[in-house]
Amino acid sequence: MSAYRMILVGTDGSDSSFGAVDRAAQLAAATGATLLLASAYSPMPERERERAADRLGDLAYKVQGSTPADDALRAARERAVAAGAQDIRQQAVEGDAVDVISQLAKEHGAELVVIGNRGLNSLAGRILGSVPANLSHRSPCDVLIVHTTDGK
């Protein structure tokens, strides 16, 4: 079995997702793989956007469109560089996290997807399904679920 050449890691800016970024970046650094940082986002409904714009004024751009995802990707990139990853790409895509990560894995030929375990053992995760659990079934490649939280 050859080393992974393309590793995709999903991040939403949470501590759990940054734990997955750290592990993916360590793997990429050790194997010389390309690291693709991915973040899914949902557009803010117009009504909420207007309310935020009224309250935030000039800072309203921080909660609109892909800006929060882009901020998460910038922070993830800093962590990946600190972990020694060298070939780093990043992409924010509108949509459901499982759909986005699965699609990006296909498009970029990822051989490994890395994700944090947040939600696996929560009641909502058991009833509705969690991103790690759903991704483990739908990913077109290997999935590494990093133990980043106690699962709650």
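In what order do the elements of the chain run from the N terminus on? The order is β-α-β-α-α-β-α-β-α-α-β. That makes six helices and five strands. Helices (H or I, at least four residues) and strands (E, at least two) are DSSP runs, numbered from the N terminus. This is a predicted model: local features need pLDDT of at least 70, side-chain atom pairs count only at pLDDT 80 or more, and totals for chains, interfaces and linings use all residues. Residues are numbered from 1 along each chain as its sequence is written, and side-chain values use heavy atoms, with hydrogens and water left out.

**Confidence**

- pLDDT is the predictor's confidence in each residue, from 0 to 100.
- The chain has a mean pLDDT of 82. A value of 70 or more is reached by 74% of its residues.
- Strand β1 (residues 6-10) has the highest confidence, at a mean of 96. Helix α5 (residues 123-128) has the lowest, at 38.
- Residues 59-63 have pLDDT below 50. Beyond near neighbours in sequence, this stretch has nine contacts in the model. Contact means heavy atoms within 4.5 Å.
- Residues 119-129 also stay under 50. The model has 18 contacts for them beyond four places in sequence.

**The chain as a whole**

- Of the 152 residues, 37% count as buried. Buried means under 20% relative accessible area, exposed means over 50%, and partly exposed lies in between (1.4 Å probe, protein chains only).
- The accessible surface comes to about 8400 Å². Carbon and sulfur atoms hold 48% of that surface. Accessible areas come from the Shrake-Rupley method with a 1.4 Å probe; for residues, only the protein chains shown count as cover.
- Take the contacts between residues at least 6 apart in sequence: 75% of them join residues at least 24 apart.

**Nonpolar cores**

- A nonpolar core is a set of buried Ala, Val, Leu, Ile, Met, Phe, Trp, Tyr and Cys residues joined through side-chain atoms within 4.5 Å.
- The largest core has 19 residues. Those touching the most other members are I7, V9, L35, L37, A85 and V114.
- At least two residues of this core come from each of β1, α1 (15-31), β2 (34-41), α3 (67-82) and β4 (112-116).
- Helix α1 gives the largest share, six residues.
- A second, separate core has 14 residues, including A38, I101, A105 and A110.
- L37 has contacts with V9, V21, L73, A76, R77, I88, R89, Q90 and Q91, leaving aside neighbours within four places in sequence.

**Helix α1**

- The 17 residues of α1 should span 24 Å at 1.5 Å a residue. The end C-alpha atoms are 24 Å apart, which agrees. The expected span of a helix is 1.5 Å times one less than its number of residues.
- The buried residues of α1 are S16, S17, F18, A20, V21, A24, A25 and A28. They pack against β1, β2, α3, β4 and β5 (142-146).
- G32 follows α1 and has a positive phi, near 75°.

- T34 sits in strand β2. It counts as buried because its relative accessibility is 9%. T34 touches R5, M6, I7, D87 and R89, not counting residues up to four places away in sequence.
- A82 sits in helix α3. It counts as exposed because its relative accessibility is 69%. The C-alpha atoms of A82 and Q26 are separated by 9.4 Å, though these residues are 56 apart along the chain.

**Salt bridges**

- A salt bridge is a side-chain nitrogen of Lys or Arg within 4 Å of a carboxyl oxygen of Asp or Glu. By this rule there are four.
- One of them joins the side chains of E111 and R5 (2.7 Å, N to O). E111 lies in the loop between α4 (97-108) and β4, and R5 in the segment before β1, so the pair ties together parts that are 106 residues apart in sequence. R5 is exposed, at 58%.
- R79 pairs with D22, with the closest N and O atoms 2.6 Å apart. This links helix α3 to helix α1 across 57 residues. R79 is partly exposed, at 34%.
- D99 pairs with R138, with the closest N and O atoms 2.5 Å apart. D99 is in helix α4 and R138 in helix α6 (residues 131-138), 39 residues apart. Both are partly exposed: D99 at 38%, R138 at 43%.
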